Amino acid sequence: MFDYFNKRNAKRFCADIKSAIDRLGFEDFIVFNDSSMFLGQHIQEFLQPETYVYYMRDYLVKNPYWKKHGQRLEPQLIAKADCVVNNSTLYTEYALKYNAHAYMVGQGCDTSLFDEDQHDIEIAEALHDIDGPIIGYVGFLSSRRLSIPLLTELAQQQPEWSFVLVGPEDDNFKAACLHQLPNVHFLGSQAPESLPSYIKGFDVAINPQLINEATMGNYPRKIDEYLVMGKPTVASATKAMEYFQEYTYLGETTEDYIALIKKALSENSEALIAKRKAFGRAHTWEQNVNAISQSISKAKAKTSKVVKLWE
């Protein structure tokens, strides 16, 4: 029943797209499907694009909404696509099980707001009265993705460090005993344009993620923001973080984090700062689009060779 109505919905959806294609006079067009695994099942059939690209930037089949039918349907969609592009090595490995034309393309980010070569960035006033070293995080404080026990143990075991958490909290964070620890500072939601001034004041930036199905493959754009500002960064060793392993410090346990933060503090240098900045700046949208374009060309070239050999 799901498949029947999904196909009906896809037919109506594609009719709208086809109407626009006809009005615009598009020919030999590419369909770029960003994670729509259900409606995307029938796009090739109804639109007949020259090239059909499926883009994976989240492990959707591990999320409740997509799980029931996605575990069955996404592999079928991946297998049908002419090219599959991914922003994580985890997703690329998953896609390669069903399609030889699967490529890691990274992630585009607009990090110009965090680039000190483009802006004068002053340390946020809220950090002036906080004793260093400051170990900081910027982003949504979600207990589904971040480890409250890890943060609690770090703060308890290293009372001489100040932990600064900038961003809105979910209910579990609001109720956490972290709020009772004197060296943990919750600074709340801040305007996006002010976030660089908070990162500027960090001695070490952290991304204390839980390591689970929801986080394992997610591309952490905040890491690019930390790196563009040259900050030593300690993060949980998810599969996605392998992409950053030469420029960050990766661990899993509280003991790992303590040792790595100490190392990050002790060995920071102008050379390492410059290296981090260059890597973070490389992940532009222009670079990402070029990587996607090159992947499509590779897939088409491989398909063309197969056709010629068959002929």
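**Note on pockets, cores and cysteines**

1. The second largest pocket holds about 200 Å³ of space. A pocket here is an open set of points on a 1 Å grid over the protein atoms alone, with protein on both sides within 12 Å along at least five of seven lines; a 1.4 Å probe is used, and lining residues have an atom within 4 Å of a point. Volume is the space filled by probe spheres set on the points, with grid points joined across faces, edges and corners.

2. This is a predicted model, where local features need pLDDT of at least 70, side-chain atom pairs count only at pLDDT 80 or more, and totals for chains, interfaces and linings use all residues. Residues are numbered from 1 along each chain as its sequence is written, and side-chain values use heavy atoms, with hydrogens and water left out.

3. Which helix gives the most to the lining of the second largest pocket? Helix α8 (residues 221-228) does, with three residues. Helices are DSSP runs of H or I, at least four residues; strands are runs of E, at least two. The lining includes Arg221, Lys222, Glu225 and Trp285. By class it has five nonpolar, three polar and four charged residues.

4. The largest pocket has a volume of about 550 Å³. Its lining has 18 residues, and Arg145, Asn218, Tyr219, Pro220 and Arg221 lie nearest the centre. Six of the lining residues are nonpolar, seven polar and five charged. Arg221 also lines the second largest pocket.

5. The largest nonpolar core has 53 residues. Such a core is a set of buried Ala, Val, Leu, Ile, Met, Phe, Trp, Tyr and Cys residues joined through side-chain atoms within 4.5 Å. Buried means under 20% relative accessible area, exposed over 50%, and partly exposed in between (1.4 Å probe, protein chains only). Among the residues with the most contacts inside this core are Phe173, Phe202 and Ile261. Ile261 touches Ile135, Trp161, Val204, Ile206 and Val234, leaving aside residues up to four places away in sequence. Contact means heavy atoms within 4.5 Å.

6. Lys239 sits in the loop between β9 (233-236) and β10 (249-251). Lys239 is buried, at 19% relative accessible area. Beyond four places in sequence, Lys239 touches Thr89, Leu90, Glu93 and Met216.

7. The disulfide count is zero, with a cut-off of 2.5 Å between cysteine sulfur atoms. Cys14 is buried at 2% relative accessibility, and Cys83 is buried at 0%.

Technical notes
Ala, Val, Leu, Ile, Met, Phe, Trp, Tyr, Cys and Pro count as nonpolar, Asp, Glu, Lys and Arg as charged, and the others, Gly among them, as polar.
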